[in-house]
Amino acid sequence: MPTGNEPKSLGLLALAGLQPYQPGADEEYMNEAQTEHFRLLLKAWRNQLREEVDRTVTHMKDEAANFPDPVDRAAQEEEFSLELRTRDRERKLIKKIEKTLKRIEEDDFGFCDQCGIEIGIRRLEARPTADLCIDCKTMAEIKEKQLQG
Ligand SMILES: [Zn+2]
């Protein structure tokens, strides 16, 4: 996974108008209040990404004016292809967010896919689509690096 487009934790919480979640002393992990917190966070993030995708499409339609100058046209094509790549990443991210929202509905959110332990509120606030705990994620990254040589 590239690290360039990791969401910034404060950015996401601020985007959703949320404060970092403070669980009570004997609060159960992923109770109703917690899952609601993450549902709001994921939806705010998804909506922002959707708006960005829409904005680009509109922008590209407006800008698709015919530039008579081939140099201008080439520059515009390059700009478009860069934007399209960014949008493609965002669309994939939107899909992942929707998958995560579905897991919340199915009561299957917040636990590591590999070892089953709690991923943790702080980690999920920084990266709500995380499906591995920090240890398993670190191991997966090390293995990936080794495979790449
Ligand atoms: Zn794990």
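Visitor: Which residues are linked in a network of salt bridges?
Guide: This is a predicted model, in which local features need pLDDT of at least 70 and side-chain atom pairs count only at pLDDT 80 or more, while totals for chains, interfaces and linings use all residues. Residues are numbered from 1 along each chain as its sequence is written, and side-chain values use heavy atoms, with hydrogens and water left out. A salt bridge here is a side-chain nitrogen of Lys or Arg within 4 Å of a carboxyl oxygen of Asp or Glu. The residues that such bridges join in a network are Glu36, Arg39 and Glu105.

Visitor: How many salt bridges does the structure hold?
Guide: Side chains of opposite charge can pair when their charged atoms come close. The number of salt bridges in the structure is twelve.

Visitor: Which helices does the salt bridge of Glu98 and Arg50 tie together?
Guide: The side chains of Glu98 and Arg50 meet at 2.9 Å, N to O. The two residues are 48 apart in sequence, so the pair joins separate parts: Glu98 lies in helix α3 and Arg50 in helix α2 (residues 32-63). Helices are DSSP runs (H or I, at least four residues; strands are E, at least two), numbered from the N terminus. The helices are α3 and α2.

Visitor: Why does Arg50 count as partly exposed?
Guide: Buried means under 20% relative accessible area, exposed over 50%, and partly exposed in between (1.4 Å probe, protein chains only). Glu98 falls in the middle class at 32%. Arg50 does so because its relative accessible area is 36%.

Visitor: Is Glu125 buried or exposed?
Guide: Glu125 forms a salt bridge with Arg122, with 3.0 Å between the closest N and O atoms. The two are about one helical turn from each other, because they are three residues apart in helix α4. Arg122 is partly exposed at 44%. Glu125, at 3% relative accessible area, is buried.

Visitor: Which helix holds both Lys137 and Glu141?
Guide: These side chains meet in a salt bridge of 3.9 Å, N to O. Lys137 is partly exposed at 22%, and Glu141 is partly exposed at 34%. They are four residues apart, about one turn of their helix, which is α5.

Visitor: What is the geometry of the zinc ion's site?
Guide: Donors are N, O and S atoms within 2.8 Å of the metal (3.2 Å for Na, K and Ca); water is not among the atoms, so sites may look incomplete. The protein donors here are the SG atoms of Cys112, Cys115, Cys133 and Cys136, 2.3 Å from the zinc ion. Four donors count as tetrahedral if all angles lie between 85 and 135 degrees. The angles among the four donor atoms of the zinc ion are 105 to 115°, and the site is tetrahedral.

Visitor: What is the relative accessible area of Cys133?
Guide: Cys115 counts as partly exposed at 42%. Cys133 is buried, with a value of 4%.

Visitor: What area is buried between domain 1 and domain 2?
Guide: An automatic or database domain assignment gives the bounds, which are 28-109 for domain 1 and 112-149 for domain 2. The contact (heavy atoms within 4.5 Å) takes 13 residues from domain 1 and eleven residues from domain 2. Buried area is the accessible area (1.4 Å probe) that two parts lose on being put together, summed over both. Carbon and sulfur atoms give 65% of the area buried between these domains, which is about 1,000 Å².

Visitor: How many salt bridges are there between domain 1 and domain 2?
Guide: The C-alpha centres of the two domains lie 23 Å apart. The count of salt bridges between domain 1 and domain 2 is one.

Visitor: Is Asp107 buried or exposed?
Guide: Asp107 has a phi near 60°, a positive value in a residue other than glycine. Its place is the loop between α3 and α4. At 66% relative accessible area, Asp107 is exposed.

Terms used: Four donors count as tetrahedral if all angles lie between 85 and 135 degrees; four count as square planar and six as octahedral if opposite donors are over 155 degrees apart and all others between 65 and 115; anything else is irregular.
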